[in-house]
Amino acid sequence: MKSIECFLVLVLLFAGVTLISCDQQTTTMTNESPQITTTATTSGAGRYQGLGLTEDQIKMLEEQGMANIESREKASAIAGFDIAVPSFVPEGFVPGKFMINISGAGLPADMAPKFNNTKVQQVFTRKGDRSVMFTLIQGTHPFGIGGGEPIEIDGLQVEKTVSYESSEDGQQFERLTYGWEKNGLYFALTGIMAGGLDEAVMKQILLSVSAE
């Protein structure tokens, strides 16, 4: 199976981050979300003070718009919206930090985005085999995962996208992505169908995602 680094590149491509390609097929979701202006895109120094962040974290956010945050509360304050997490996590999977990417970081105030286009990613890896994982990405605007098969999961309208990747020994693995919108936020849940992950489990994870 490809390395965890390659998988993260593929996942980040869904979020609109410009990285190298791993031959991932992407399309564009056409829904429009409400514009949400928050302190996460407000210009001026000091907007990350008082959150208990380290100087290095603040510098990374100010200059590159990126940070890995352990606390959901701190990550939500930085992102400018209440971050959702799954209440159901399959046995053996461990949640990673909240990886924040803020568009327009380091730009002059007159060039900053007019709306909050922050994306937050969290990776859940399987104990003993970090190549088996699923990832949840969320943000206030659509990111390029549309064009999949429209389905309904417990009343929720979802786009289902299936792609495939091969391991070093030639085995082929299915990669499943669900994309949906709820309460003004857009989500993408992506998992490799191995190590206990299958479509039924992915649906359980999806339905448990909540900011409450």
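**Basis**

Residue numbers start from 1 along each chain as its sequence is written, and side-chain values use heavy atoms, with hydrogens and water left out. The model is predicted: local features need pLDDT of at least 70, side-chain atom pairs count only at pLDDT 80 or more, and totals for chains, interfaces and linings use all residues.

**Overall make-up**

The protein chain holds 4 helices and 10 strands. Helices (H or I, at least four residues) and strands (E, at least two) are DSSP runs, numbered from the N terminus. Along the sequence the pattern reads α-α-β-α-β-β-β-β-β-β-β-β-α-β.

Of the 212 residues in the protein chain, 44% are buried. Buried means under 20% relative accessible area, exposed over 50%, and partly exposed in between (1.4 Å probe, protein chains only). The accessible surface of the protein chain is about 10800 Å², and carbon and sulfur atoms contribute 48% of that. Accessible areas come from the Shrake-Rupley method with a 1.4 Å probe; for residues, only the protein chains shown count as cover.

Contact means heavy atoms within 4.5 Å. Among contacts in the protein chain with a separation of 6 or more, 60% join residues 24 or more positions apart.

An open sheet is built from 8 strands in the order 1-3-4-5-9-8-7-6, with antiparallel pairing. Its edges are strand 1 (66-69) and strand 6 (149-153), each of which pairs on one side only. Neighbouring strands are turned by 25 degrees against each other on average, direction ignored. Axes are lines fitted to C-alpha atoms, for helices over the stretch in contact, and angles run from 0 to 180 degrees between N-to-C directions.

Helix 4 (residues 199-208) packs on this sheet. The helix touches strand 5 (129-139), strand 6, strand 7, strand 8 and strand 9 (185-192). Its direction makes about 25 degrees with that of strand 8.

Two strands pair if DSSP finds at least two bridges between them. Strands of a sheet pair through backbone hydrogen bonds, either parallel or antiparallel. The table lists some of the antiparallel pairs.

| Strand pair | Bridges | Example of facing residues |
|---|---|---|
| Strand 1 and strand 3 (residues 93-101) | 4 bridges | A67 and I100 |
| Strand 3 and strand 4 (residues 119-126) | 7 bridges | V94 and T125 |
| Strand 7 (residues 156-166) and strand 8 (residues 172-182) | 9 bridges | Y164 and E174 |
| Strand 8 and strand 9 | 8 bridges | E181 and Y186 |

Strand 8 also places W180 opposite V158.

**Turns and positive phi**

Most residues other than glycine have a negative phi, and most peptide bonds are trans. D154 has a positive phi of about 50 degrees although it is not a glycine. D154 lies in the loop between strand 6 and strand 7. Its relative accessibility is 69%, so D154 counts as exposed.

N183 is another non-glycine residue with a positive phi, about 55 degrees. Strand 8 and strand 9 form a hairpin with 2 residues between them, and N183 sits in that turn. N183 is exposed, with a relative accessible area of 73%.

The hairpin of strand 7 and strand 8 has 5 residues between the strands. There, G170 takes a positive phi near 95 degrees.
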